[in-house]
Amino acid sequence: MPPVTRVPAPHLGPEDAVITEDGTVYSALRNDGWLLRVRPGAEGAEKVANIGGRGLGCELMPDGRVLVCNADLGLQAVDPETGDVEALLPEIFGRTFGVCNNASIAPDGTIYLSESSSAYALEDFKKDIVEDTKSGRLMRWKPGQGEPEVLLDGLSFANGVVLDPQGAFVLVAETTHCRIHRVWLEDLRTDIFAEVPGYPDNLSLGSDGLIWTALPAPQNAAVSKLHNSPLWLRKIVARLPAALQPNPPKVSWLMAFSRDGELVHFLEGDPEQYHHITGVREKDGRVWLGSIEEHALGYFDLA
């Protein structure tokens with residue numbers, strides 16, 4: 001990975017990044033309830049709207065607003081010019097979201113979105129991963145049309161979502177088991193798009209036509225082995241003090257695939273520059289990064 005340029009954020013945890021046609025970057029803070037904007041050429045990020053919760057994935061809507069996956073409050077549409085926040089989908093199936101995580105928007109406005117867990121809230125995501133609750137799902141929803149349709153459930157911490165540019169399939173990252181599922185939209189059959197060496201987070205489609213994924217941490221062999229243990233044991237381990245739980249090493253990893261699943265890039269950067277990458281977005285050769293462990297967004301230019 002080329003050296004990363006840091007763009008300071010006002011608080012910790014700009015989880016994702018999305019880029020407009022003029023190069024403006026938006027990101028939502030996971031920890032502090034704000035949507036941020038980085039104008040072209042700016043040296044820092046500015047606050048543009050308070051979303052009142054924990055911001056994760058961001059996408060651009062056809063009407064110019066920013067779609068935010070608010071972990072606790074569901075899908076929100078944010079007008080970055082006025083700061084107005086509209087609750088699009090605050091509940092599903094008669095309850096609040098466990099973790100509303102990532103989304104992708106079709107040209108007709110249909111939204112594909114993930115709920116990582118219906119068993120735990122965001123602050124307990126590690127418990128969900130250790131216990132392997134399989135309570136995540138991929139859904140499809142058109143604004144104004146009632147409840148979303150479940151396309152794939154039983155996922156172990158469903159995460160990043162991206163729609164094929166040709167509309168043939170949608171991908172969803174299954175973080176716990178280090179793989180990306182593909183759902184073919186014609187008949188909803190599923191297969192594995194890619195197995196990856198770390199825990200995949202957000203997915204995005206680049207202007208280069210590639211499907212990018214961020215890998216905030218490498219796969220932990222002990223955790224994977226634990227998934228074969230009885231549930232009672234997994235629950236005990238999930239509740240151990242943080243000091244006794246596995247501490248993932250710092251890494252700075254990105255992968256990019258063709259729409260056929262061929263690996264095109266596996267980039268490894270200096271984790272002392274920027275680490276625990278959760279969001280990635282490429283536009284015109286520039287790759288923007290988000291991280292829940294950094295007080296900054298980052299970017300670099302592909303060779």
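The legends below describe close-up views of a predicted model.

**View A. The largest pocket and its lining.** The largest pocket of the predicted model holds about 940 Å³ of space. Its lining comprises 38 residues, and those closest to the centre are Phe125, Lys126, Ile129, Pro248 and His276. Helix H1, which spans residues 125-131, gives the most to this lining, with five residues. By residue class, the lining of the largest pocket divides into 20 nonpolar, nine polar and nine charged residues.

**View B. The second largest pocket and its strands.** About 620 Å³ of space lies in the second largest pocket. Ile19, Glu59, Leu60, Leu205 and Arg281 lie nearest its centre, within a lining of 28 residues. At least two lining residues are supplied by each of strand S2 (18-19), strand S6 (55-60), strand S12 (100-105), strand S16 (158-163), strand S20 (203-205) and strand S24 (277-283). The lining of the second largest pocket divides into 15 nonpolar, six polar and seven charged residues.

**View C. Cysteines without a disulfide.** Zero disulfides are found in a search of the whole structure. For Cys69, the nearest cysteine sulfur is that of Cys100, at 4.2 Å. Cys69 is in no disulfide, because a disulfide requires two cysteine sulfur atoms within 2.5 Å. Cys69 counts as buried, at 1% relative accessibility. Cys178 is also buried, with a relative accessible area of 1%; the cut-off for a buried residue is under 20%.

View D. Strand S25 covers residues 286-291. Five of its six residues are buried, so strand S25 is largely enclosed by the rest of the structure.

**View E. The hairpin of S24 and S25.** Strands S24 and S25 run antiparallel and are joined by six bridges. Within this pairing, Glu282 stands opposite Val287 in S25. The two strands form a hairpin with two residues between them. In the turn, Asp284 has a positive phi of about 55°. Strand S24 also contributes at least two residues to the lining of the second largest pocket.

**View F. The hairpin of S25 and S26.** Strand S25 pairs with strand S26 (residues 296-301) through four bridges, and the two run antiparallel. Leu289 stands opposite Gly298 in S26. Four residues link S25 to S26 in a hairpin. In a regular strand, side chains alternate between the two faces of the sheet.

Definitions and conventions. Residues numbered from 1 in each chain as written. Predicted model: local features only at pLDDT ≥ 70, side-chain atom pairs only at ≥ 80, totals over all residues. Heavy atoms only, no water. 1 Å grid on protein atoms, 1.4 Å probe; cavity = no way out; pocket = protein on both sides within 12 Å on 5 of 7 lines; lining within 4 Å. Points joined across faces, edges and corners; volume = space filled by probe spheres on them. Nonpolar A, V, L, I, M, F, W, Y, C, P; charged D, E, K, R; others polar. Buried < 20%, exposed > 50% of the residue type's maximum accessible area, 1.4 Å probe, protein only. Pairing = 2+ DSSP bridges.
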